[in-house]
Amino acid sequence: VAVKDQLRQWYLETAAALAEREASNGSVTPALANLAMVLQEFGQADRALSLLRKLLLAKIECFGETDQRTADTYMQLGLVYANLKKYDEALENYFKALERYEDTVGRNHTSTANAYNNIAIVDEANGQYEAALENYFKALNIYKATAGGSSAESVANTYGNVANVYKRQSQFDKALEFYTNELQMKRGLATLGENHPSTARSMYNAGMLHLDQGHVTEAALLLKRAHAIWLQTLGPDHESTRDCSLALQGLALE
């Protein structure tokens, strides 16, 4: 394991150094943005931001400030800032991306919907629940209008995001309605289906909401099914499987 970690670190360092040199020289290859997001995933957010800033300057020089490809980099900058919990900077970049998407690909495009969705995630993290709902619904309406492929999954995921906000607001009936919509849609998608870990997450969320409201029978059915899926797909030691096991143990004690 130690050798693999060392090799991975060497690869990241070498690739990042090459990428930063390429970006400084004006390269706009998509591989640079992909590497930036990998660096962020491995805890090197500062290097990711440095690379994305250089890439942004190169794109502005090559394509112009208002180009869709420039908007993509604003979006990626927003993602890194959001993961750092620097929400003001995240929103600044998300809104720049949104404005450019609306001007280039239009209001009814998945890129525009993704921008609204990301803005909503930050609104939710900031406790701005009404703003979050407004932006989630904007994203949802666009995803529905472009239904098919990844948009169908995005519709399901946005149902879940809306449900989470309603739960935070203690609007439990609305939360359960959207969790149910999310679950039903994921079950029917060929890319997900009944036995997918993401579908199990929807079962778990709905089950925990039932449990919070004292609906023990409904909670037990959903949590047992989610646990079985996670046990098979993620294994007994995964955090999701363990959390579900604890919830089921709590049910057994009632």
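1. With a relative accessibility of 0%, T70 counts as buried, because buried means under 20% relative accessible area. T70 sits in helix α4, which covers residues 68–83. Which residues does T70 touch, not counting those up to four places away in sequence? They are L56, K59, I60, F63, G64 and E65. Do keep in mind as you read on that this is a predicted model.

2. Now step back to the whole chain. How many helices and how many strands are there in the protein chain? The protein chain has 12 helices and zero strands. If you walk along from the N terminus, the elements read α-α-α-α-α-α-α-α-α-α-α-α. Of the 254 residues in the protein chain, 46% are buried. The accessible surface of the chain comes to about 13,000 Å², and carbon and sulfur atoms account for 51% of that surface.

3. Take the contacts in the protein chain between residues at least 6 apart in sequence: 53% of them join residues at least 24 apart. Keep this in mind for the ring pairs below, where you can look at individual partners.

4. Next, the inside. How many residues does the largest nonpolar core have? That core has 69 residues. Those with the most contacts inside the core are L52, V80, Y94, V122, Y204, L223 and A226.

5. A search of the whole structure finds four aromatic pairs. One of them is formed by Y159 and F178, a tilted pair with 5.9 Å from centre to centre and 50° between the planes. Y159 belongs to helix α8 (residues 150–168) and F178 to helix α9 (residues 172–188), so this pair ties together parts that are 19 residues apart in sequence. Are these two residues buried or exposed? Both Y159 and F178 are buried.

6. Another pair brings us back to Y204. The ring centres of Y204 and W230 are 5.6 Å apart and their planes meet at 50°, so this pair is tilted. The pair links distant parts of the chain, with Y204 in helix α10 (residues 197–212) and W230 in helix α11 (residues 216–233), 26 residues apart. Y204 and W230 are both buried. Leaving aside its neighbours within four places in sequence, which residues is Y204 in contact with? The partners are L223, A226, W230, D243 and C244. Two of these, L223 and A226, are also named with Y204 among the core residues with the most contacts.

7. The structure holds zero disulfides. C244, a contact partner of Y204, is buried, with a relative accessible area of 0%. C62, at 48% relative accessibility, counts as partly exposed.

8. A charged side chain can also sit over a ring. Here R69 lies over the face of F63, at 3.7 Å from the ring centre.

9. K85 has a phi near 65°, a positive value in a residue other than glycine. K85 is placed in the loop between α4 and α5 (87–104) and counts as exposed, at 59% relative accessibility. S170 is not a glycine either, yet has a positive phi of about 65°. S170 is found in the loop between α8 and α9, and at 48% relative accessibility S170 counts as partly exposed.

10. Finally, R107. Where is R107 placed? This residue is in the loop between α5 and α6 (110–125). R107 is exposed, with a relative accessible area of 56%. Even so, R107 has contacts: not counting residues up to four places away in sequence, R107 touches E102, T112, Y116 and I142. R107 and K138 are 31 residues apart in sequence, and their C-alpha atoms are 9.8 Å apart in space.

Terms used. Residues numbered from 1 in each chain as written. Predicted model: local features only at pLDDT ≥ 70, side-chain atom pairs only at ≥ 80, totals over all residues. Heavy atoms only, no water. Phe/Tyr/Trp six-rings, centres within 6.5 Å; stacked < 30°, edge-to-face > 60°. Helix = DSSP H or I, 4+ residues; strand = E, 2+ residues; numbered from the N terminus. Buried < 20%, exposed > 50% of the residue type's maximum accessible area, 1.4 Å probe, protein only. Lys NZ or Arg CZ within 6 Å of the ring centre and 35° of its normal. Disulfide = S-S within 2.5 Å. Core = buried A, V, L, I, M, F, W, Y, C linked by side-chain atoms within 4.5 Å. Contact = heavy atoms within 4.5 Å. Areas by Shrake-Rupley, 256 points an atom, 1.4 Å probe, with all protein chains shown as cover.
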